[in-house]
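Thanks for coming. I will take one structure today and go through it piece by piece. Have a look at it before I start.

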Amino acid sequence: MTSTAPAPSVPLSAGITVEKTGGRIGAVISGVRLGGHLDEVTVAAIRGAILDHKVVFFRDQNHLDTESHEAFARLLGTPVAHPTVPSVDGRYALGIDNDHGGRANQWHTDVTFVPAYPAFSILRAEVVPPYGGNTLWANTATAYAELPEALRVLADSLRGVHTNDYDYAAVRPDAPSEALAQHRQVFTSTAFRTEHPVVRVHPETGERALVLGNFLQRLTGFNGHDSRALIGVLQSHVERPENTVRWQWRAGDVAVWDNRATQHYGVDDSDDHERTLRRVTVDGDVPVGVDGRPSVLLSPETVPEPAYGIASGASTDGALAEV
């Protein structure tokens with residue numbers, strides 16, 4: 001078994017506690033009132049906890065609004081807009097509800113169809129259903145580390161093509177016609193195709209993590225049958241229960257995750273009850289594989305302004321947010 005590199009050790013600020021929710025992923029941070037006012041020591045402690053635990057949760061952050069949500073995001077990096085979904089009033093906080101991204105039931109890493117997908121995502125719950133509507137996260141670094149050696153060697157050599165242009169109706173056969181129309185008109189208004197290494201080296205921790213999820217269309221150099229089979233084998237290791245954590249939302253909860261070392265899955269099991277969340281994403285970097293080769297944009301040749309995910313970074317996956 002290959003061990004992953006430990007994340008940097010950061011001392012906690014006075015009054016801050018971090019309690020693990022699982023052996024491989026997840027922790028609850030207490031003693032912090034989120035916002036743009038936090039000092040450098042506190043921000044470093046939060047960032048260190050995210051790198052250590054991959055996803056962290058904060059309870060009772062009901063004071064947050066769009067402005068303070070975005071102000072906190074700026075402490076972790078540069079907030080970015082979605083490449084195809086227009087922002088409202090120049091804001092980065094993307095609304096996610098029953099009709100916009102909340103009912104997809106798919107494992108994914110945010111926006112891997114562009115070269116520099118998000119480093120961090122910050123999700124805030126406004127309205128939660130009386131039951132269901134949980135979100136799951138999976139640790140793609142431990143998933144890689146626990147692969148059999150022969151499969152790790154193979155994965156190190158693979159590259160895959162990710163796209164936002166796929167058969168949404170096949171994924172959601174019961175989706176209303178309005179949702180299908182929105183997907184075509186908004187989410188795929190620009191069709192992106194990007195080739196990533198299947199294993200990326202994390203720029204902050206040095207860990208190796210799998211780059212898979214539902215935006216992965218095929219593996220480079222393989223026919224469709226072999227590609228699907230290999231993707232399925234690797235993805236099954238990501239989804240193993242011991243690599244995951246499940247969060248039951250309460251209004252005012254905030255989840256922050258390292259999008260470079262996780263996948264997540266929004267469970268559609270709350271019937272017609274309202275579920276409203278808002279998410280801000282923080283600019284990412286272009287992944288680099290074990291062999292040192294970076295990700296490559298395949299299409300479009302000319303990127304609409306702003307040059308999302310290529311010159312400026314990354315964001316969230318909008319109409320198919322799946323959280």
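Leu76 sits in helix α2; helices here are DSSP runs of H or I with at least four residues, strands are runs of E with at least two, and both are numbered from the N terminus. This is a predicted model, in which local features need pLDDT of at least 70 and side-chain atom pairs count only at pLDDT 80 or more, while totals for chains, interfaces and linings use all residues. Residues are numbered from 1 along each chain as its sequence is written, and side-chain values use heavy atoms, with hydrogens and water left out.

Is Leu76 buried or exposed? At 5% relative accessibility, Leu76 counts as buried. Buried means under 20% relative accessible area, exposed means over 50%, and partly exposed is in between, with a 1.4 Å probe and protein chains only. Leaving out residues up to four places away in sequence, Leu76 touches Val43, Arg47, Ile50, Phe120, Ile122, Val256 and Val282, where a contact means heavy atoms within 4.5 Å. Ala119 is 43 residues from Leu76 in sequence, and their C-alpha atoms are 9.2 Å apart.

Now the rest of α2. Its buried residues are Ser68, His69, Glu70, Phe72, Ala73 and Leu76. They pack against α1, β4 (79-80), β6, β14 and β16. The N-terminal end of α2 is capped by Asp65, with a side-chain oxygen 3.3 Å from the backbone nitrogen of Glu67. That is a polar contact, a pair of N or O atoms within 3.5 Å; within protein, one must be able to donate a hydrogen and the other to accept it, and residues adjacent in sequence count only if both atoms are side-chain atoms.

Next, the cores. A nonpolar core is a set of buried Ala, Val, Leu, Ile, Met, Phe, Trp, Tyr and Cys residues joined through side-chain atoms within 4.5 Å. Which residues have the most contacts inside the largest nonpolar core? They are Leu34, Phe58, Leu76 and Val256, in a core of 23 residues. Two or more residues each come from β2 (27-30), α1 (40-53), β3 (55-58), α2 (66-76), β6 (120-127), β14 (254-258) and β16 (276-282). The most come from α1, which gives four. Another core lies apart from this one and has 20 residues, among them Leu158, Leu210, Val238 and Val267. In soluble globular proteins, nonpolar side chains tend to be buried together.

Back to α1 for a moment. Glu40 lies in this helix and, at 73% relative accessibility, counts as exposed. Between the C-alpha atoms of Glu40 and Leu75 there are 8.6 Å, although the two are 35 residues apart along the chain.

Val238 takes us to α7. This helix covers residues 224-238, and its 15 residues reach 21 Å from the first C-alpha to the last, close to the 21 Å expected at 1.5 Å a residue; the expected span is 1.5 Å times one less than the number of residues. In α7, the buried residues are Ser227, Leu230, Ile231, Leu234, Gln235, His237 and Val238. They lie on the same side of α7 because they cover an arc of only 150° around the axis, the arc being that of the directions from the helix axis to the C-beta atoms. On the face turned away from that side are the exposed residues His225 and Arg228. At the start of α7, a side-chain oxygen of Asn223 comes to within 3.2 Å of the backbone nitrogen of His225.

Some loops now. Asn134 is in the loop between β6 and β7 (135-139) and is buried, at 11% relative accessible area. The residues it touches include Trp247, Trp249, Tyr265 and Arg275.

Most residues other than glycine have a negative phi, and most peptide bonds are trans. Asp60 has a positive phi of about 60°; it is in the loop between β3 and α2 and is exposed, at 53% relative accessible area. Asp271 also has a positive phi, near 55°. Its place is the loop between β15 (262-266) and β16, and at 48% relative accessibility it counts as partly exposed. The peptide bond from Ser299 to Pro300 is cis, with omega near 0°, and Pro300 is in the segment after β17 (296-299).

Last, the chain as a whole. It has seven helices and 17 strands, and buried residues make up 56% of its 323 residues.
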